[in-house]
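Here are my comments on the model you sent, as numbered points. Please read them with the structure open beside you.

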Amino acid sequence: MTEFFQKKLRLPAFSNGYHLITELVEEAIPDIREIQTGFLQVFIQHTSAALTINENADPTVRKDFQTFVNELIPENYPRFIHTYEGPDDMPAHIKASFFDSSLQIPISGGKLALGIWQGIYLCEFRRHASPRSLILTAFGTVDK
């Protein structure tokens, strides 16, 4: 039998950077444990933050992400005209589009089938961010 579960996860405000949120996601939707084969979709309801999957062990990877992306898309780019919410606003929108607003992760045997060194990142691109909302949708076969 196929089941669908959906939860909203309100993350606290995070500082600018790349933050591991795998545990927060798993805790927010324990229904994953019921799914033998399926998927978890994680969707962020914002345009100045994003999601990605990458290294979960060495925090220098997250710092290097931040350094590289900030050099690639600098706040002081002189041709931005969308600056209503400050100089980090338009760069945050572009950075969010370089990553993605949703992830789809396999579920196998009631667990996320991430690789051993993989974790879910919240990519926060604003210097003074507000809390972020995620929609978590798990679906797949369950034994009933």
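1. Buried residues account for 42% of the 144 residues in the protein. The model is a predicted one, and every value below is computed from it. The C-alpha atoms fill a box of roughly 60 × 30 × 20 Å along the principal axes.

2. The secondary structure consists of 3 helices and 8 strands. Starting at the N terminus, the elements follow the order β-β-α-β-β-α-α-β-β-β-β. Among contacts with a separation of 6 or more, 84% are between residues 24 or more positions apart.

3. Strand E8 (132-142) is mostly covered, with 9 of its 11 residues buried. E8 pairs with E1 in the antiparallel sense over 10 bridges, and with E3, also in the antiparallel sense, over 9 bridges. Strand E1 comprises residues 2-11, and strand E3 comprises residues 35-44.

4. Glutamate 3 stands opposite glycine 140, and glycine 38 has glycine 140 as its bridge partner. Glycine 140 has a relative accessible area of 7%, and therefore counts as buried, the cut-off being under 20%. Apart from its neighbours within four places in sequence, glycine 140 is in contact with Met1, Thr2, Glu3, Ile35, Thr37 and Gly38. Threonine 52 is 88 residues from glycine 140 along the chain, and their C-alpha atoms are separated by 22 Å.

5. Threonine 2 belongs to strand E1. Threonine 37 is 35 residues from threonine 2 in sequence, and the two C-alpha atoms are 9.4 Å apart in space.

6. Which residues of the largest nonpolar core touch the most other members? They are Ile21, Val25, Leu40, Leu134, Leu136 and Ala138, out of 24 residues in that core. The elements giving two or more residues to this core are E1, E3, E4, E5, E7 and E8. Another core, of 9 residues, lies apart from it and includes Ala50, Val69, Ala96 and Phe125. As background, nonpolar side chains tend to be buried together in soluble globular proteins.

7. Alanine 138, one of those core residues, can be followed through its contacts. Leaving out neighbours within four places in sequence, alanine 138 is in contact with Glu3, Phe4, Phe5, Ile29, Ile32, Ile35, Phe39, Leu40 and Ile107.

8. An open sheet is formed by 3 strands in the order E2-E7-E4, with antiparallel pairing. E2 and E4 stand at the edges with a single partner strand each, so one side of each has no neighbour in the sheet. Neighbouring strands of this sheet are turned by 35° against each other on average, direction ignored. E4 and E7 are joined by 7 bridges, and glutamate 55 has glutamine 118 in E7 as its bridge partner.

9. Helix H2 (residues 59-72) has 14 residues, and the distance from its first C-alpha to its last is 20 Å, close to the 20 Å expected at 1.5 Å a residue. Where does H2 lie? H2 lies across E2, E4 and E7, and runs at about 150° to E2.

10. Arg62, Gln66 and Val69 are the buried residues of H2. They cover an arc of only 80° around the axis, which means that they are on the same side of H2. In general, an α-helix has 3.6 residues a turn, so residues three or four places apart point the same way. The cover over the buried residues of H2 includes strands E2, E4 and E7 and helix H3 (89-98). Exposed residues Asp64, Phe68 and Glu71 are carried on the face of H2 turned away from its buried side.

11. Setting aside neighbours within four places in sequence, histidine 19 is in contact with Phe14, Arg62, Ile120, Tyr121, Leu122 and Glu124. Arg62 is also among the buried residues of H2.

Technical notes:
Residues are numbered from 1 along each chain as its sequence is written. This is a predicted model: local features need pLDDT of at least 70, side-chain atom pairs count only at pLDDT 80 or more; totals for chains, interfaces and linings use all residues. Side-chain values use heavy atoms; hydrogens and water are left out. Helices (H or I, at least four residues) and strands (E, at least two) are DSSP runs, numbered from the N terminus. The expected span of a helix is 1.5 Å times one less than its number of residues. Buried means under 20% relative accessible area, exposed over 50%, partly exposed in between (1.4 Å probe, protein chains only). The arc is that of the directions from the helix axis to the C-beta atoms. Contact means heavy atoms within 4.5 Å. A nonpolar core is a set of buried Ala, Val, Leu, Ile, Met, Phe, Trp, Tyr and Cys residues joined through side-chain atoms within 4.5 Å. Two strands pair if DSSP finds at least two bridges between them. Axes are lines fitted to C-alpha atoms, for helices over the stretch in contact, and angles run from 0 to 180 degrees between N-to-C directions.
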